[in-house]
Amino acid sequence: MSDLEKIREGVLEGDIQGVAGGCRALVAGGMPPLDIINQGLIAGMAVVGKKFKAGDMFMPEVLMSAKAMGAGIEIVKPLIAEEDVPTAGKVVIGTVEGDLHDIGKNLVVIMLESSGYQVVNLGVDISPREFVDAVREHKPDILGLSALLTTTMLAMKDTIDELLEEGVRDGLKVIIGGAPVTADFAEEIGADGYAPDGPAAVELADRLLA
Ligand code: B1M
C-alpha cells in the first residue's frame with residue numbers, strides 16, 4: 001500500500017493517530033502538502049461519503065473519519081499559503097430564525113469542511129436580515145439553511161424572500177435541510193436543493209457548483 005493509500009485508508013477507518021502520523025511522515029519525506037490534501041485526505045473523505053450513501057457506513061463512523069481528516073489537515077495546512085488551500089467553494093450556513101437546533105447543522109459543516117469547502121457558520125436563530133448581511137459580507141457560492149421545527153421551516157421561505165427583495169439572490173445557490181424539510185418544500189419555497197444529511201449536502205453542493 002502506498003503512503004497516500006494509507007492516508008486514504010486511515011480516513012476511511014477514522015484512525016486519527018494513523019492519519020496524523022502518516023501526514024507527518026509524508027511531509028518529512030517532502031511530498032507537496034496539496035498532494036497530501038487532495039490525493040490523500042479529500043480522496044479518503046470522498047469514499048466515506050459514497051459508503052455512507054450506500055448504507056455501508058453510519059454517522060458515528062463518518063464523524064470519526066471527519067476527525068481523522070481534520071487531524072491530517074491540521075498538520076499539512078500550516079505548510080501552505082492560505083490562498084493556495086484548495087477550496088471547493090464558499091458556504092455560509094445557519095439555523096433559521098426561532099430555531100436553536102444545531103447538532104445536525106454542525107455535522108453538515110464538518111462534512112462540507114472535510115470535503116474542501118470553506119464554511120462560515122453563523123450559528124442558530126439567524127434572522128432573514130442577518131442571512132442577507134452575511135451574504136453581502138462573505139459573498140458565498142452557497143447559502144445553507146437548517147431547520148428542525150415545522151414552525152421554523154417557514155423562516156426558510158422568509159429568508160429566501162428577503163434575499164430576493166434585497167437583490168442578493170442572483171448567482172447564489174440556496175440549499176436547505178433538517179428533519180422536517182423535504183425536496184418538495186425546497187421547490188415550493190424557491191430553494192436550489194434539499195439534502196437529507198451531511199454527505200448528501202456535499203454531493204448537492206458539488207452538483208450545484210459543477
Ligand atoms: Co428539539 N425538537 N425542541 N431540542 N429536538 C425536535 C426537533 C422534535 C422532533 C422532538 C419531538 O418532539 N419528537 C421536536 C420538533 C417537532 C416539530 O416541529 N415537528 C422538537 C421540539 C418540539 C423542541 C422544542 C419546541 C421543545 C420545547 O421547548 N417544548 C424546543 C425548541 C427550541 C427552539 O429551537 N426554539 C426544542 C429544544 C431542543 C434542545 C435545545 C433541547 C435540543 C437541541 C440542542 C442543539 O441542537 N444544540 C433538542 C434536540 C436535541 C432535539 C432532538 C431530540 C434531536 C435533534 C438532533 O440533534 N438530531 C429532536 C428529535 C429528533 O430529531 N429525534 C428534537 C440529530 C441530528 C444529527 O439530526 O438535526 O436531523 P438532524 O440533522 C441531520 C439532517 O436533518 C440533516 O443533516 C443532519 C445530519 O445528518 N440536516 C441538514 C440538518 N440541517 C441541514 C442543513 C442542510 C442539509 C442537511 O443544508 C443546509
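**Figure 1. Leu 154 in helix α7 of the predicted model.** Leu 154 lies in helix α7, and the coordinates shown here and in every other view belong to a predicted model. Because exposed means over 50% relative accessible area, Leu 154 counts as exposed at 54% relative accessibility. The C-alpha atom of Leu 154 is separated by 42 Å from that of Leu 34, and the two residues are 120 residues apart along the chain. Helix α7 comprises residues 153-165 and belongs to a right-handed β-α-β unit, together with β3 and β4.

**Figure 2. The open sheet and the order of its strands.** The sheet is open and consists of 5 strands in the order β2-β1-β3-β4-β5, with parallel pairing. Its edge strands are β2 and β5 (193-194), each of which pairs on one side only.

**Figure 3. Strand β3 and its two partners in the sheet.** Strand β1 (residues 89-95) is joined to β3 by 5 bridges, the two strands running parallel. Within this pairing, Gly 94 has Leu 145 of β3 as its bridge partner. Strand β4 (residues 173-177) also pairs with β3 in the parallel sense, over 5 bridges. Here the bridge partner of Ile 142 is Lys 173 in β4.

**Figure 4. Strand β1, its pairing with β2, and the crossover through α5.** Strand β1 is largely enclosed by the rest of the structure, because 6 of its 7 residues are buried. The chain passes from β1 through α5 to β2 in a right-handed β-α-β crossover. Strands β1 and β2 run parallel and are joined by 5 bridges. Gly 89 stands opposite Tyr 117 in β2, and Lys 90 stands opposite Gln 118 in β2.

**Figure 5. The protein donor to the cobalt atom.** A single donor from the protein reaches the cobalt atom of the ligand: NE2 of His 101, at 2.2 Å. His 101 is located in the loop between β1 and α5.

**Figure 6. Helix α4 and the elements that cover its buried residues.** Helix α4 (residues 59-76) has 18 residues, which at 1.5 Å a residue should span 26 Å; its end C-alpha atoms are 26 Å apart, so the two values agree. The buried residues of this helix are Val 62, Ser 65, Ala 66, Ala 68, Met 69, Ala 71, Gly 72 and Val 76. An α-helix has 3.6 residues a turn, so residues three or four places apart point the same way. The cover over the buried residues of α4 includes α1 (3-13), α2 (16-28), α3 (33-53) and α5 (103-114).

**Figure 7. The largest nonpolar core.** This core has 34 residues, and those with the most contacts inside it are Val 11, Cys 23, Leu 41, Met 45, Val 91, Leu 112 and Val 119. Two or more residues each are given to this core by α1, α2, α3, α4, β1, α5, β2 (117-121) and α9 (198-209). Helix α3 supplies the largest share, 6 residues.

Note on methods: Residues numbered from 1 in each chain as written. Predicted model: local features only at pLDDT ≥ 70, side-chain atom pairs only at ≥ 80, totals over all residues. Heavy atoms only, no water. Pairing = 2+ DSSP bridges. Helix = DSSP H or I, 4+ residues; strand = E, 2+ residues; numbered from the N terminus. Right-handed = clockwise from strand over helix to strand, strands pointing away. Expected span 1.5 Å × (residues − 1). Buried < 20%, exposed > 50% of the residue type's maximum accessible area, 1.4 Å probe, protein only. Contact = heavy atoms within 4.5 Å. Donors = N, O, S within 2.8 Å, 3.2 Å for Na, K, Ca; no water. Core = buried A, V, L, I, M, F, W, Y, C linked by side-chain atoms within 4.5 Å.
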